[in-house]
Amino acid sequence: MSVSDKTRSLLNPGGGCPAGYGRPKDDSVKEKPVKSGSGSTNEQEGINLMVETNGLSYGDYLQLDKILTAQTCQSEIHGELVHDEHLFIVIHQAYELWFKQVIFEIDSIRKIFQQDIIEEALMLEVNKRLQRVVMIAKHLADQVLILETMTPLDFMDFRDHLSTASGFQSLQFRLIENKLGVKSEHRVRYNRSNYRDVYKEKEKELEQLMKSEEDPSLFDLIERWLMRTPGTNVNDDFCFSKSYQDAINSILEESLKDIENESNPKVREVLLNSYKKKKEQYSSIFDQEKHDSLIARGERRLSFQALHGALMISLYREEPIFHLPHQVLQSLMDIDSLITKWRYNHVMLVQRMLGSSQIGTGGSSGYQYLRSTLSERYKVFLDLFNLSTFLIPRQFLPPLTKEVTKIMAGYLYTPVQR
Ligand code: HEM
């Protein structure tokens with residue numbers, strides 16, 4: 001008997017579980033109905049759709065025959081099974097599956113940002129997918145804790161069987177880094193070698209890696225999108241950069257007056273030094289030359305105009321037009337933070353398993369190498385974190401006229417030729 005997919009979904013409107021779990025195994029076996037607390041017997045009704053309709057089974061749909069037969073413990077092959085090796089394999093495989101999903105989401109978001117016109121509805125989708133990546137990254141950072149239930153001695157029992165295999169060779173991990181926007185020149189090198197060298201003999205993997213370096217990363221696309229923020233160009237009707245600079249100047253003037261009125265000379269000196277520091281910091285956001293020299297030193301990443309766009313979105317986040325863009329910026333920071341948390345948890349795990357001086361199976365200095373990857377070099381959206389330095393109290397914000405807000409609504413989601 002064959003039933004169309006449409007009919008099957010009508011019969012089984014819940015539809016989430018492909019095998020129709022929760023229904024009696026065999027409809028021909030008539031069990032005595034058991035009354036539930038409410039007295040209803042509906043819970044026992046139904047048929048086994050998969051069997052009756054010769055439909056797709058849970059295992060076939062998920063190709064579990066492939067996934068569940070891929071846990072080959074090397075310790076078992078070489079003599080005696082070491083219990084914890086099974087967990088070690090499963091956890092790495094689970095990571096790789098989640099990496100795959102993250103790549104899938106990031107690729108789809110990059111595709112949306114590559115469009116010239118981004119409809120507002122699509123921005124909702126971007127936000128949803130970024131949120132999903134945030135949730136997965138949270139899960140990945142926590143998952144390290146499961147492996148911490150293994151002791152260093154348990155690990156020692158099968159570590160030799162790993163031979164030269166190492167997480168350092170995870171192609172998907174590198175693809176995630178590159179697709180987000182980690183730059184080759186920011187990477188920590190070990191043994192004076194490039195991270196690509198591990199793929200020397202693997203043509204297809206190397207090709208994928210090179211492509212991920214060359215294609216526009218999420219960072220590149222977000223930067224381009226931020227540059228569309230109205231008011232960040234001197235030629236715009238409402239020039240945010242100019243009115244923001246005026247607001248900063250009046251804040252600085254006021255605080256200088258307060259400092260000059262301070263009667264205690266020691267306090268005055270401290271306040272004056274902090275004032276000078278603040279003034280210098282602010283000048284880095286108005287002076288393109290200073291900004292560019294920070295970029296050259298690797299302390300800033302976003303272009304001058306894109307940084308102003310991000311700042312404007314953060315300052316005016318309560319304006320309805322900036323709600324979605326502000327959420328996007330928040331999610332990007334969350335992703336960066338959670339990957340850093342994963343790195344930290346992983347480094348702690350490695351120190352627990354290997355100590356601080358044992359080399360890794362991949363050949364690095366192990367803990368020492370991994371600790372150096374905790375630096376800001378790997379934070380893609382570093383500038384968004386540092387924006388807080390430039391936020392000003394609400395009462396000093398230059399007001400946005402209704403006219404400007406209207407213009408903005410049209411600008412943010414459409415291309416602007418700069
Ligand atoms: C007992 C558990 C683990 C130990 C002792 C360990 C050890 C190491 C070491 C020593 C390195 C440095 C490269 C090398 O010389 O091999 C490394 C890198 C790496 N490991 Fe692990 N690892 C463990 C678990 C995991 C897990 C569960 C994952 C999840 C996918 C993972 C993913 C990675 C990645 C992606 C790198 C490259 C990091 C980078 O270069 O920034 N590791 N691991």
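This report describes a predicted model, beginning with the ligand and its surroundings and then turning to salt bridges and selected helices.

## The shell around the ligand

A polar side-chain atom of arginine 174 is 2.7 Å from an oxygen atom of the ligand, and for a polar side-chain atom of arginine 343 the corresponding distance is 3.2 Å. In the case of glycine 362, a polar atom of the backbone takes part, and this backbone atom lies 2.8 Å from an oxygen atom of the ligand.

## Salt bridges

Side chains of opposite charge can pair when their charged atoms come close. Across the whole structure, a search finds 17 salt bridges. One of them joins glutamate 105 to arginine 132, with the closest N and O atoms 3.0 Å apart. Because glutamate 105 lies in helix H6 and arginine 132 in helix H7 (residues 120-147), this pair ties together parts that are 27 residues apart in sequence. The two partners can also be described by their accessibility: glutamate 105 is buried, with a relative accessible area of 3%, whereas arginine 132 is partly exposed at 37%.

Aspartate 107 and arginine 110 meet in a salt bridge with an N to O distance of 2.5 Å, and both residues lie in helix H6, three residues apart, which is about one turn of the helix. Aspartate 107 is partly exposed, with a relative accessible area of 28%, while arginine 110 counts as buried at 8%. Lysine 128 forms a salt bridge with glutamate 125, and here the closest N and O atoms are 3.1 Å apart. An α-helix has 3.6 residues a turn, so residues three or four places apart point the same way. Lysine 128 and glutamate 125 are likewise three residues apart, both of them in helix H7. Lysine 128 is partly exposed at 44% relative accessibility, and glutamate 125 is also partly exposed, at 23%. Elsewhere, salt bridges that share partners join Arg174, Glu177, Arg187 and Arg343 into one network.

## Helix H9

Is helix H9 mostly covered or mostly exposed? Helix H9 is mostly covered, since ten of its ten residues are buried. The buried residues include Arg174, Glu177 and Lys179, together with Leu171, Phe173 and Ile176. These buried residues of H9 pack against H6, helix H10 (203-214), helix H11 (218-226), H16 and H17. Just after H9, glycine 181 takes a positive phi of about 130°.

Although isoleucine 313 and threonine 229 are 84 residues apart along the chain, their C-alpha atoms are separated by 8.1 Å. When neighbours within four places in sequence are left aside, isoleucine 313 is in contact with Leu226, Thr229, Phe322, Pro325, His326 and Leu329.

Serine 314 also lies in helix H15, and it is buried, with a relative accessible area of 11%. Leaving aside neighbours within four places in sequence, serine 314 is in contact with His326, Leu329, Leu387 and Leu391.

Technical notes: Residues are numbered from 1 along each chain as its sequence is written. This is a predicted model: local features need pLDDT of at least 70, side-chain atom pairs count only at pLDDT 80 or more; totals for chains, interfaces and linings use all residues. Side-chain values use heavy atoms; hydrogens and water are left out. A polar contact is a pair of N or O atoms within 3.5 Å; within protein, one must be able to donate a hydrogen and the other to accept it, and residues adjacent in sequence count only if both atoms are side-chain atoms. A salt bridge is a side-chain nitrogen of Lys or Arg within 4 Å of a carboxyl oxygen of Asp or Glu. Helices (H or I, at least four residues) and strands (E, at least two) are DSSP runs, numbered from the N terminus. Buried means under 20% relative accessible area, exposed over 50%, partly exposed in between (1.4 Å probe, protein chains only). Contact means heavy atoms within 4.5 Å.
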